[in-house]
Amino acid sequence: MSKTLFHLDLDQFFAAVEIRDNPNLRGKPLLVGGSPGGRGVVTTASYEARKFGVRSGMPMHEALQKCPQAVCVRSDTGRYVDASRRVREILVDYTDRVEFISIDEAALDVSDVVWQWPSVKALADEIQERIEHEVGITASIGAAASRCVAKLASGMHKPRGFTHIPPSKIAEIMGPLPIEEMNGIGPATSHVLHGLGIRTLNDLAIYPTDILRNKLGVRGPELQLLARGGGKNTVLRAEDLPPEKSMSHETTFHEDQTSGDAILGRMMLLCEKVARRLRNARLTGRVVTVKVRYKGFETHHQQRKLARFVHLDTDIFVAAKLIFEQIYDPTRPVRLIGVDISDLVPMGRVLQEELFAPRQDRDALTHACDDIKERFGANLIGYAGHMTGPKDRYHSARRGREFGSISFRYPGMNGR
């Protein structure tokens, strides 16, 4: 029996969340991302902005040259994560075989449940309606027997589209498409294939396999298999996914940073993000790595194996700060800073070993902060050390007037 897989893609996701929360943005060209005045890039452009040639990943200043009338909005990760989590809760109502490929894309295996609906389209319609009604954004869905074909199908009729490509229709629907439409064919591979006279997926599907292997190695036959509608057709349950080996966050400064305190402030924010991901995944780690990239792209990494496993912001930051102070050259402007924690193990295993460690107060405070962020957004509460300038202090003071504020200090930390 053929598999039925869905590829779900949330339409213009970050922009859609911004429009949902501010309807005045609807119908306007909208750019979500970093600062137009710095090195910010576009993370999502609304469909109205894309008409002017703006694409995700484009520098914000370049996007504004193409679409000067666009409205720019800074990214708010907390609200995007919350919307993605609510979509995930809807999807697992239908099947436990759901893999979130990214914050706005998911693969579902509905082979065992689709028979309960009149058609494949009826099931897709119901999922789309629930996402629109319960989350306030739209999704496009592609259906096929392989993940590659389902992904391609999800992008064929956006927004809020549905395309089903059964095995019997692959040659008819996919064959005429340019090879660049298929996931995994970038500019370099496209250049090689064009050199062989391959322009469409049908050209690739019928091309001599030996020549593809000679030109592209093992990747050649793999791409041909995808063009014929084959490839991976399994979607794993969450508990079957391989464990993560490390978690990291990094940031590029809008301008090369020369203040050590400002760099440490940003590092504290990165440690907070990494630690929160660890706690959400019920993991803890013991190797902390700091990455520093100077102006000119010279990059330094250094790591330290700690005496015990850690999952709290403060523990990770204290270790990262020590590493940073060993490799930081204050005479050189810093372009990028990153924090990584590896040697991960399940938290429960370590808690058993450290059952009598006196850390309950800090754990309780950390979990209280996690609860606040989960309910009101990731930016509502944080360390004062994150603040690097007057603008940050202004926004923190405004939020303090709106919600009230608290402060606390840990040994070894500059922030409160």
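What is the volume of the second largest pocket? The answer is about 660 Å³, in a model that is predicted.

Before you start selecting, a word on conventions: in this predicted model, local features need pLDDT of at least 70, side-chain atom pairs count only at pLDDT 80 or more, and totals for chains, interfaces and linings use all residues. Residues are numbered from 1 along each chain as its sequence is written, and side-chain values use heavy atoms, with hydrogens and water left out.

**Stop 1: the pocket**

Select Asp9, Lys151, Gly155, Lys158 and Glu181, which lie nearest the centre of the second largest pocket among its 27 lining residues. A pocket here is an open set of points on a 1 Å grid over the protein atoms alone, where a 1.4 Å probe fits, with protein on both sides within 12 Å along at least five of seven lines; lining residues have an atom within 4 Å of a point. Grid points are joined across faces, edges and corners, and the volume is the space filled by probe spheres set on the points.

Now colour β1 (5-10), α1 (13-21), β3 (42-45) and α6 (147-154), the elements that give two or more residues to this lining. Helices (H or I, at least four residues) and strands (E, at least two) are DSSP runs, numbered from the N terminus. With 4 residues, α6 gives the most. Colour the lining by class and you get 9 nonpolar, 9 polar and 9 charged residues. In this scheme Ala, Val, Leu, Ile, Met, Phe, Trp, Tyr, Cys and Pro are nonpolar, Asp, Glu, Lys and Arg are charged, and the others, Gly among them, are polar.

**Stop 2: the sheet under α6**

Stay with α6, which lies across β1, β5, β6 (105-109), β7 and β8 and runs at about 145° to β7. Angles run from 0 to 180 degrees between N-to-C directions, and axes are lines fitted to C-alpha atoms, for helices over the stretch in contact. Those 5 strands form an open sheet of mixed pairing, in the order β5-β6-β1-β7-β8. Its edges are β5 (98-102) and β8 (162-165). Two strands pair if DSSP finds at least two bridges between them. Zoom in on β7 (residues 139-144), joined to β8 in parallel by 4 bridges; Ile141 has Phe162 as its bridge partner there.

**Stop 3**

Go back to α1, which lies across β2, β3 and β4 at about 110° to β2. These strands form an open, mixed sheet ordered β3-β2-β4. Since β3 and β4 (71-74) each have a single partner strand, one side of each is left without a neighbour in the sheet. The twist averages 25° from one strand to the next. Select Leu31, which stands opposite Cys72 in β4.

Which residues of α1 meet α4? They are Phe13, Phe14, Val17, Glu18, Arg20 and Asp21, and their counterparts in α4 are Arg79, Tyr80, Ala83, Ser84 and Arg86; contact means heavy atoms within 4.5 Å. The axes of α1 and α4 (residues 77-91) are 10 Å apart, at an angle of about 100°. The two helices are therefore roughly perpendicular, a label for angles of 65 to 115 degrees.

**Stop 4: two backbone details**

Most residues other than glycine have a negative phi, and most peptide bonds are trans. Select Lys158 and Pro159: the bond between them is cis, with omega near -5°. Pro159 sits in the loop between α6 and β8. Finish at Phe297, where phi is positive at about 75°, in the loop between β10 (283-294) and β11 (299-310).

Key: Parallel < 35°, antiparallel > 145°, perpendicular 65-115°, else oblique.
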